[in-house]
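Welcome, and thanks for taking a look at this one. Here is a short tour, starting with a pair of strands and working out to the whole chain.

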Amino acid sequence: MKSFWLSLAALAAALSMQQASAQAQQPIPLERFFQRPAVLEAKLSPSGKRLAVSTSRGSARVGLAVIDLEAEPKARRAALFSDADIVRFDWVSDERLVFSVLDLEAGSGEDRRAAPGLYAINADGSDFRMLVRRRGLPFISDGSTRDKALEWNHLLLHVPLQQDGVKPDEIVIGAMNFSSRDLLSITPMWLNVRNGRTRSIGLGDAPRNATGWLFDSKGQPRLASVRSEGRSSLHWRGPGQDSWRQIVESELLREPFQPSVVDDSGTLYITQRSGAEGYAVLTRYDFEAGKPQTPALVSAPGFDFSGGLVLDRAGSRALGVRVETDAEQTVWFDPAMKRMQALADERLPGRINRLSCSRCGAEDMVLLVRSFADRDPGRLWIYEAASQRWQPVSRLLDDIDPQRMAGVALERIKARDGRDLPVWLTLPAGVEPGKPAPAVVLVHGGPWVRGGHWRGQAMEQFLASRGYLVIAPEFRGSSGYGEAHYRAGWKQWGQTMQDDVADALLWARQQGLASPDRACIAGASYGGYSTLMGLVRHPELYRCGIAWVAVTDPFLLLKGSWWVDDDVSDQGRRHMLPELVGDADKDAAMLTAASPLAQARQIKAPLLLAFGEADLRVPLAHGERLRKALTEAGRPPEWVTYANEGHSWRQVSTQVDFARRMERFLGEHLNKP
């Protein structure tokens, strides 16, 4: 008998084939780009005999399904609720899982009022227990264990790896202690997932104000990180040691290295900056010398090391390293895993094939393969080495035809001052060679993050499906491309950071990719700020702008207000934002010139503004103040707000409504000669 999982997948595939020819010439419905994923997460059990997936397939809610990987796979729902969605889970053992929940239908504004809780359940759906309460929300079962559950301020820190001959029943959780705005400390402890009891983890003389921890595979704390009063420090306790010792201290924003992972032998893997451009590399920390080892274990010229080690199930050795440059790849040290990667790449060519394994390298290993590409959101496969059998599990998104999706490419260009400038392009299908396309310059948020990746992203693919070339620059200040590129953006909001955005569009026009006179600028958060400043600084380049959850007043960001509630930490305001953005007093003239609110009269192009009414990162006051200033200047923007949405919009209905507004707005302003 076929499982409900595979049967529904086969049915969806058959229906897609029947409808493909009829829909080939029709625009792709925008709802498909912003749908809830069919599979959010998938993980093999420790033995490899089971696969757990969080899935919305067959239900309006995201539940937890477990598939027994037998000759005829059998699937069953382990957990499903009518008022919550399972957003994160882990295997504790082959029989028991832990998970947390959110209400994905309520909007991201719920995050300020709710906490995800923590629950445990057997793989067959039995012995359900609440371990940590949700805050301010009713319990989502019969409530029989409510009196024994911990309060909402406990979070999952670590799930120990299952050791041979040991049946684990405990995980590591942390008790969070807050001030009015800042997280002051996290105290780890053991939690039994069957009876809900806690016990001390034996921290000894560890710093009591640590807010970050690294554990070995058995759950022993090895590294504690402390951030206080503008300083950062790391503290270490190796195997067999009784006391903790400080190994480094520095100013915030100037840490000499970042911890990555620790193995059971007591090796601490870290990333540090190297070379003139300061690209992050992966290496080990030398405790005897008191500094990082040289040479580096892994470097990625042109990129910061981003990824991590893949450890064996025992946590004792590294099997390989996963790293993202322009695209993701895994470099395997283990010969058996190297052969398996080659086998997967041969079977699924031209794609990124991310391997997760149980009994890695053994003759009876089981592999979970997540296979995806820029045009394809991806599929899951299971490979059993003993039988050499491949089994398809599921698409990650339904009703997406890769042949109709857009290709993604990374270009390295030169900014006007000669700085290397990475630029991501999403190329609309069907554009004739030599015929420039109307362009949307899409500016990422952050801004101190990497924006682009070689994979399909919903907004970029949606815009490309409407015939727009999407230009997404990694302007200075972005991370992922070296310390020099990151630091070049400090105190450059609206200045050289904005020039980089303009230079990306000018380059695309010089290459004949973008129309010489049809471009709009768009973005969220910092990207929304950059959209507004693009219309102020370079009005000749853009016909229109679309800004959502946008910073409009740098002074409100930097200083806060008694009258506006936000979630910016006191430590961030005192010790980080003045260096990254500017000092509200000393740099007042610079910040005024770079303030969309102060420069509102310079914004003359049509503008679509959107905000979440429950946003604490960029409160609604940012939008309301700019709307008022633009209206007084005689150019009121198109305006929309979404109730109970925060800084990231969670409801599908919100995303679809906003995409429809964007489609109409861009069509009106970009599709005219």
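Two strands count as paired here if DSSP finds at least two bridges between them. On that basis, strand 10 and strand 11 form a hairpin, with four residues joining them. Please keep in mind that this is a predicted model.

- Strand 10 (residues 170-178) runs antiparallel to strand 9 (residues 154-158), and four bridges join the two.
- His154 has Ala175 of strand 10 as its bridge partner.

- Strand 1 (residues 39-44) pairs with strand 2 (residues 50-55) through five bridges, in the antiparallel sense.
- Leu44 faces Leu51 of strand 2 across this pairing.
- Five residues lie between the two strands of the hairpin, and Gly48 has a positive phi near 80°.

**The open sheet and the helix across it**

- Four strands make up an open sheet in the order 24-25-26-27, with antiparallel pairing.
- Strand 24 (352-358) and strand 27 (389-395) are the edge strands; each has a single partner strand, so one side of each is left without a neighbour in the sheet.
- Direction ignored, neighbouring strands of this sheet are turned by 20° against each other on average.
- Within the sheet, strand 25 (residues 366-372) and strand 26 (residues 379-384) run antiparallel and are joined by six bridges, and Ser371 stands opposite Arg379 of strand 26.
- Helix 2 (residues 335-347) lies across strands 24, 25, 26 and 27, and runs at about 135° to strand 24.

**Helix 12**

- Helix 12 (residues 652-670) has 19 residues and spans 26 Å from first C-alpha to last, close to the 27 Å expected at 1.5 Å a residue.
- Its buried residues are Thr654, Val656, Phe658, Ala659, Met662, Phe665, Leu666, His669 and Leu670.
- An α-helix has 3.6 residues a turn, so residues three or four places apart point the same way.
- The cover over the buried residues of helix 12 includes helix 3 (458-465) as well as strands, among them strand 30 (437-443), strand 32 (514-524) and strand 35 (638-642).

**Met576**

- Met576 sits in the loop between helix 8 (570-575) and helix 9 (577-580).
- Leaving aside residues up to four places away in sequence, Met576 touches Arg227, Leu252, Leu253 and Gln571.
- Met576 and Lys491 are 85 residues apart in sequence, and their C-alpha atoms are 11 Å apart in space.

**The chain as a whole**

- The secondary structure comes to 12 helices and 35 strands.
- A compact globule of 673 residues would have a radius of gyration near 26 Å, and the chain agrees with its 26 Å.
- Along the principal axes, the C-alpha atoms fill a box of roughly 70 × 65 × 55 Å.
- Of the 673 residues, 55% count as buried.
- Among contacts with a separation of 6 or more, 56% are between residues 24 or more positions apart.
- The accessible surface is about 28,400 Å², and carbon and sulfur atoms contribute 50% of that.

How values were computed
Residues are numbered from 1 along each chain as its sequence is written. This is a predicted model: local features need pLDDT of at least 70, side-chain atom pairs count only at pLDDT 80 or more; totals for chains, interfaces and linings use all residues. Side-chain values use heavy atoms; hydrogens and water are left out. The expected span of a helix is 1.5 Å times one less than its number of residues. Buried means under 20% relative accessible area, exposed over 50%, partly exposed in between (1.4 Å probe, protein chains only). Contact means heavy atoms within 4.5 Å. Axes are lines fitted to C-alpha atoms, for helices over the stretch in contact, and angles run from 0 to 180 degrees between N-to-C directions. The radius of gyration is taken over C-alpha atoms; the globule rule is 2.2 Å times the number of residues to the power 0.38. Accessible areas come from the Shrake-Rupley method with a 1.4 Å probe; for residues, only the protein chains shown count as cover.
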